[in-house]
Amino acid sequence: MLTLLISTFLFFKCFKNSIQPNFIEDKIIIVGLGGVGGHCAANLVRGGFTNFKLIDFDQVSLSSLNRSAFAKRNHVGIPKVEAAKFELLKINPKVKIESVNNLLNSKNVEQLLNGKIKVVIDCIDNIDTKVDLIHFCKKNSINILSAMGSGCKTEPIMIQLNDISNLTIDPLGKKIKKILQKKYNVRKSKLVFYSF
């Protein structure tokens with residue numbers, strides 16, 4: 001449900017002020033290709049978006065099989081970005097996908113997030129990495145959608161779209177908000193997703 005919400009939001013944001021189809025060709029960066037990131041990428045490709053950069057350092061494991069959109073038994077042991085690229089090209093062979101098998105951090109974020117970017121989608125499950133990414137995007141005026149604590153939730157109507165400054169209930173979101181304020185003095189940060 002969260003990934004469908006992200007896909008729908010991106011579609012309307014891209015086409016809000018224009019009917020020109022080239023918006024779907026702008027680069028979307030997805031960081032983190034676990035349960036949320038994999039489904040997000042698959043939904044966006046199915047929705048017609050055609051230019052992606054996928055960033056993840058991890059490999060497909062047996063524990064990925066129950067939640068990942070692209071993990072299959074024959075993918076176990078290969079980088080998630082390569083498994084995702086392989087499966088996404090089956091959905092649309094014309095999609096441009098740059099896959100980066102690397103752990104994003106404060107030292108390499110500028111190098112990894114280069115070029116013209118439409119939006120960064122943060123599907124990271126590591127707090128420090130998430131904070132570094134949000135800070136970089138905020139500092140460089142890059143649109144970011146950040147998935148917060150929606151794991152193990154069963155009420156999709158409770159998913160909220162809001163600025164991080166307004167988070168009050170979500171435990172992960174509150175922790176991220178506190179670290180951003182303390183480490184980088186970031187009080188607002190575009191949009192985030194979270195769930196009660």
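Modeller: Happy to! Let me begin with cysteine 40, whose relative accessibility is 0%. Please keep in mind that this is a predicted model.

Colleague: Why is cysteine 40 called buried?

Modeller: The label buried applies under 20% relative accessible area. Cysteine 40 has 0%, so it counts as buried.

Colleague: And what makes cysteine 123 buried?

Modeller: The reasoning runs along the cut-off again: buried means under 20%. Cysteine 123 has a relative accessible area of 12%, and therefore it is buried.

Colleague: How do you know that cysteine 123 is in no disulfide?

Modeller: A disulfide needs two cysteine sulfur atoms within 2.5 Å. The nearest cysteine sulfur to that of cysteine 123 belongs to cysteine 40, and it is 5.0 Å away. Seen from cysteine 40, the nearest cysteine sulfur is that of cysteine 123, also at 5.0 Å, and cysteine 40 is in no disulfide. Searching the whole structure gives zero disulfides.

Colleague: Now the chain as a whole: how many of its residues are buried, as a percentage?

Modeller: Of the 196 residues, 47% are buried.

Colleague: What makes up the fold along the sequence?

Modeller: The chain has six helices and seven strands, and they come in the order α-β-α-β-α-β-α-β-α-β-β-α-β.

Colleague: Which share of the contacts with a separation of 6 or more comes from residues 24 or more positions apart?

Modeller: That share is 68%.

Note on methods: Residues numbered from 1 in each chain as written. Predicted model: local features only at pLDDT ≥ 70, side-chain atom pairs only at ≥ 80, totals over all residues. Heavy atoms only, no water. Helix = DSSP H or I, 4+ residues; strand = E, 2+ residues; numbered from the N terminus. Buried < 20%, exposed > 50% of the residue type's maximum accessible area, 1.4 Å probe, protein only. Contact = heavy atoms within 4.5 Å.
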